[in-house]
Amino acid sequence: MSEALRQALARVATKLGAADAEFVLERPKDAGHGDMATNLAMVLARVQKAPPRAVAASIIEALDLPPGVIEKTEIAGPGFINFWLATDELAASLRGIVEAGPRYGRHDFGRGSRVNVEFVSANPTGPLHVGHGRGGALGDGIAALLEWTGHQLTREFYINDAGVQIDRVGQSLWARVQEAAGRPFAIPEGGYHGEYLREDAVKVLEREGREFADLPDEEGVRRCRALALVMQREEQDRDLASFGVRYDVMTSEQAIYDRGAIPATLALLASRGLTFERDGALWLRTTDFGDDQDRVLRKSDGSYTYFLPDIAYHVDKHDRGFDRVIDVWGADHHGYVPRVRAALRALGYPDDFFHVTVVQLVKVLRGGDEVKMSKRSGEFVTLRDLVDEVGPDAARYFFLMRRGDSQLNFDLDLAKSQTEENPVFYVQMAHARMSGIFRVAGVAPEAVDADVRLDALPAPEDRELLKKLTAFPEVTARAARDLEPNKVTGYLEELARLAHGWYHKCRVLGEPPEVEHARLALARATRIVLANGLTLLGLSAPDRM
RNA sequence: GCGCCCGUAGCUCAGGUGGAUAGAGCAUCAGCCUUCUAAGCUGAGGGUCGUAGGUUCGAAUCCUACCGGGCGCACCA
């Protein structure tokens with residue numbers, strides 16, 4: 001409903017000679033300011049060199065809208081124009097929600113755009129921790145938002161299976177195999193001391209036989225490296241699946257090497273004159289593209305830095321035809337952003353091709369105290385433990401409800417509590433209550449048509465709730481634009497609050513037939529929006545709790 | 001030392017890209033309600049938007065400096 005108004009205002013701006021005017025059309029928090037308000041007059045006042053309130057009057061004069069949309073306009077404050085919508089317009093919105101059903105809130109403005117969202121991408125060296133969980137929830141939420149707005153989307157996981165770290169896991173696992181066979185052993189320098197490798201070693205001996213431990217060290221390490229890789233990947237996939245995250249593409253770093261992409265990328269950079277030699281190493285001139293120092297691609301000992309395969313990987317994504325690539329990285333990698341951006345800029349990719357969303361660290365709280373990550377005690381660190389304790393819905397919701405770039409306090413007690421203070425519970429309960437009305441009435445929500453007159457909704461709560469429902473498409477659009485799923489959780493909490501209040505105040509069943517029918521339609525629409533929001537975020541929308 | 005992120009009510013956080021008297025939830029206080037699932041309603045108190053300057057009709061929002069917290073700063077991955 002706001003779209004028609006927005007377009008009408010844009011037409012007026014054009015007529016007044018300011019076609020590119022950037023104005024805001026918003027829903028005022030103060031009910032006294034109408035249903036919609038715009039600052040267009042104040043924006044135009046600058047160009048027109050006229051008092052804002054006078055400009056506002058001429059805007060209203062020039063506004064051409066079909067009849068039955070706006071009931072009243074008003075010039076207020078320094079030059080805001082406030083609009084009150086006609087009730088027929090709201091009734092039409094109610095029908096629109098019910099007709100769109102599960103598609104309500106979707107858009108197609110992203111049509112034709114191919115986007116890749118890469119997230120988690122944990123090293124295959126151990127179990128996922130809570131930070132990965134946050135990256136997983138956020139990456140998946142961003143992906144879902146882009147899908148809802150019509151983008152063609154690929155969810156991708158990058159496996160760092162080629163580096164030194166995986167070698168060290170292989171050595172560490174081999175040591176644990178020796179331990180499990182009752183032999184002297186030593187975890188190598190820089191190796192992995194986690195308990196999980198002990199368990200893996202036992203599995204290895206079960207699967208491969210006791211004589212596996214008798215292999216020469218070199219072969220044992222080599223085979224342990226491969227086994228560890230498979231086992232850790234399986235573990236991670238299982239954890240991600242129980243968390244509701246699935247991928248379209250898994251890309252192996254090793255495969256990029258095997259394909260010869262490394263020398264190819266090096267040649268590409270060199271042919272463009274972007275590299276130079278110094279102190280026996282090969283450098284990329286990233287300072288020409290916004291980095292604060294040049295970066296080494298090939299070390300003086302002839303081996304490559306991690307930077308080069310990373311460039312090759314992004315070149316690969318570009319060559320696969322994506323218009324846009326979004327990487328979700330942990331805060332500990334954010335210093336790495338400028339050099340990758342510089343490299344891609346150097347290759348001539350558009351600036352909006354590459355976007356990094358950084359997730360800050362997660363602090364887990366129990367009983368008000370921080371749960372420390374402790375290797376010694378093996379205390380609660382993994383995503384699996386978290387999901388086992390609070391469930392996948394609460395875990396996802398808590399990771400999503402804050403912006404990625406602020407630090408997150410994950411309150412375990414709150415996440416588990418079955419009270420209104422717990423936002424997940426609160427939102428899901430609102431959905432369950434809407435469902436409960438139909439259960440008691442003995443009718444399916446789908447059987448209730450939305451062909452109602454709005455005068456049949458007598459309470460101000462009816463109208464407030466409906467107005468909130470009509471804001472949902474704007475929320476998904478804005479959340480997708482900003483890549484911020486927390487805008488959806490925030491909206492759902494506001495909607496749930498209104499829904500609970502409405503439920504409490506406005507009786508549905510047993511009212512006069514016209515009122516009962518209209519409120520059933522409103523309950524149906526509310527249930528649709530709550531379900532769509534929850535589904536978008538990868539959460540369940542239970543009918544009873 | 002340098003770079004990036006953050007700093008808004010007692011707590012946790014919003015704040016639609018510069019607009020109206022800075023908002024919500026929780027907590028506190030005073031009342032009410034107990035229903036289609038108890039997880040609701042009304043009101044009150046609570047703020048130097050980290051600090052100081054600047055930009056302009058207008059700044060929590062943009063710029064500069066400083067303070068505090070976090071992360072990073074390799075020919076590591």
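## Chain A: overall build and helix α11

The secondary structure of chain A comes to 20 helices and 15 strands, where helices (H or I, at least four residues) and strands (E, at least two) are DSSP runs numbered from the N terminus. This is a predicted model, in which local features need pLDDT of at least 70 and side-chain atom pairs count only at pLDDT 80 or more, while totals for chains, interfaces and linings use all residues. Residues are numbered from 1 along each chain as its sequence is written, chains are lettered from A and ligands numbered from 1 in the order in which they are written, and side-chain values use heavy atoms, with hydrogens and water left out.

Along its principal axes, the C-alpha trace of chain A spans about 85 × 60 × 40 Å.

| Domain of chain A | Residues |
|---|---|
| domain 1 | residues 2-85 |
| domain 2 | residues 114-159 + 245-359 |
| domain 3 | residues 164-242 |
| domain 4 | residues 423-536 |

Taken over C-alpha atoms, the centres of domain 1 and domain 3 are separated by 67 Å. Of the 545 residues in chain A, 52% are buried, meaning under 20% relative accessible area with a 1.4 Å probe and protein chains only.

Helix α11 covers residues 307-319. Eleven of its 13 residues are buried, so α11 is largely enclosed by the rest of the structure; among these buried residues are Phe307, Leu308, Tyr313 and Lys317. After α11 comes glycine 321, whose phi is positive, near 100°.

Conventions:
Buried means under 20% relative accessible area, exposed over 50%, partly exposed in between (1.4 Å probe, protein chains only). Domain bounds come from an automatic or database domain assignment. The expected span of a helix is 1.5 Å times one less than its number of residues.
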